[in-house]
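Colleague: Could you take me through the helix packing and the aromatic pairs here, one step at a time?

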Amino acid sequence: MRTDWTRAEIAALFDLPFTELLFRAAEVHRAHHAAGEVQLCTLLSIKTGGCPEDCGYCSQSAHADSGVKATKLMDVRQVLQSAAQAKDAGSKRFCMGAAWRNPKDRDMPAIVEIVEGVRAMGMETCMTLGMLTPSQAAQLKQAGLDYYNHNIDTAPENYANVISTRSFEERLETLDNVRSAGINVCSGGIVGMGETRSDRVGFVHALATLERHPESVPVNALVPVKGTPLGDMLADTPLAKIDDIEFVRTIAVARITMPLSMVRLSAGRESMSEATQALCFMAGANSIFTGDKLLTAANAGDNADAALFAKLGLRPMESEEPMRSGCDCAPQVEAAE
């Protein structure tokens, strides 16, 4: 698996004619993944609002005036009930998010109980709780956590334009703690925040040159929320929504540079046309969030997803994820000449 991609190579992929880029991405995708399968995941906010971080896109930040009220950590039984409902709806992975800078040690017993309970249902588990210490990561591993999500958000050089309360290096430190504990990594970011093509190149480069690629790479399109810095800046402007073709290009380049990773079409999907989503699946996206809500943002909904899958001939994923099956092989895909 290549982890030595240069920015020039990634930029050259972005610059390919659109149909050529999709063709190359589809080739890589079919070499490692079942082309007609898409992983269904469900995301639940188990602790909403009041986060001390100042992420410019986030309605749950205490710095935002978005109207999101802070809540306490959900009761364990409520979380497990939601997980059971997600399983009944066809989800294979249950993802849980808490609006914390980092979990407190007093929160860990409940978190551990939640992970163990969801795992007992036969579902994969994923959590995003902010920064983790090595000790906390070890506790989550012992509880059986399958994935930990900690997005890098954007390119290193653009990071300070989005967040000031923690550094890009601190993001990488948490990823290292998660990886060292033996937990699978879920890490991606957001496009459509007013960044440049060069920033998108840097975002993909940062992920594709990690010592081991993330097992899951969520690619989000910014949902501008009023009351957040980016929402107020980008709402009702052309920058508020990334160009659909450019978004698909980002998916395709992520697929080519990280061939074994699950590439998740995440936030912003509810505003995408069926044609745009179809292009994303063709470009190598093979994971989505189901349900009507993503933390605090709207989502497409189970019925809409089922109708789209039927129209496109897609089916929920049943096969094992390549990076978890022990396969480390990947074709060498060259950049554009």
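**Helix contacts and ring pairs**

Modeller: In this predicted model, Arg 197, Arg 200, Val 204 and Ala 208 of α7 meet Glu 246, Arg 249, Thr 250, Val 253, Ala 254 and Thr 257 of α9.

Colleague: By class, how many nonpolar, polar and charged residues does the contact of α7 with α9 have?

Modeller: Val 204 and Ala 208 come from α7, while Val 253 and Ala 254 come from α9. Sorted by class, the contact holds 4 nonpolar, 2 polar and 4 charged residues.

Colleague: Are α7 and α9 roughly parallel or roughly antiparallel?

Modeller: The axes of helix α7 (residues 197-208) and helix α9 (residues 244-257) come within 10 Å of each other and cross at roughly 25 degrees. Angles under 35 degrees count as roughly parallel, and therefore α7 is, relative to α9, roughly parallel.

Colleague: Which class does the pair of Tyr 159 and Phe 168 belong to, edge-to-face or stacked?

Modeller: Tyr 159 and Phe 168 are both buried, and the structure holds 2 aromatic pairs. The ring centres of Tyr 159 and Phe 168 are 5.6 Å apart and their planes stand at 80 degrees. Planes over 60 degrees apart count as edge-to-face, so the pair of Tyr 159 and Phe 168 is edge-to-face.

Colleague: How many residues apart in sequence are the parts that the pair of Phe 281 and Phe 309 ties together?

Modeller: Phe 281 and Phe 309 form an edge-to-face pair, with 6.3 Å centre to centre and 85 degrees between the planes, and both residues are buried. Because Phe 281 lies in helix α10 (residues 274-282) and Phe 309 in helix α11 (residues 302-312), the pair ties together parts whose separation in sequence is 28 residues.

Conventions: Residues numbered from 1 in each chain as written. Predicted model: local features only at pLDDT ≥ 70, side-chain atom pairs only at ≥ 80, totals over all residues. Heavy atoms only, no water. Axes fitted to C-alpha atoms, helices over the stretch in contact; angles between N-to-C directions. Helix = DSSP H or I, 4+ residues; strand = E, 2+ residues; numbered from the N terminus. Parallel < 35°, antiparallel > 145°, perpendicular 65-115°, else oblique. Contact = heavy atoms within 4.5 Å. Nonpolar A, V, L, I, M, F, W, Y, C, P; charged D, E, K, R; others polar. Phe/Tyr/Trp six-rings, centres within 6.5 Å; stacked < 30°, edge-to-face > 60°. Buried < 20%, exposed > 50% of the residue type's maximum accessible area, 1.4 Å probe, protein only.
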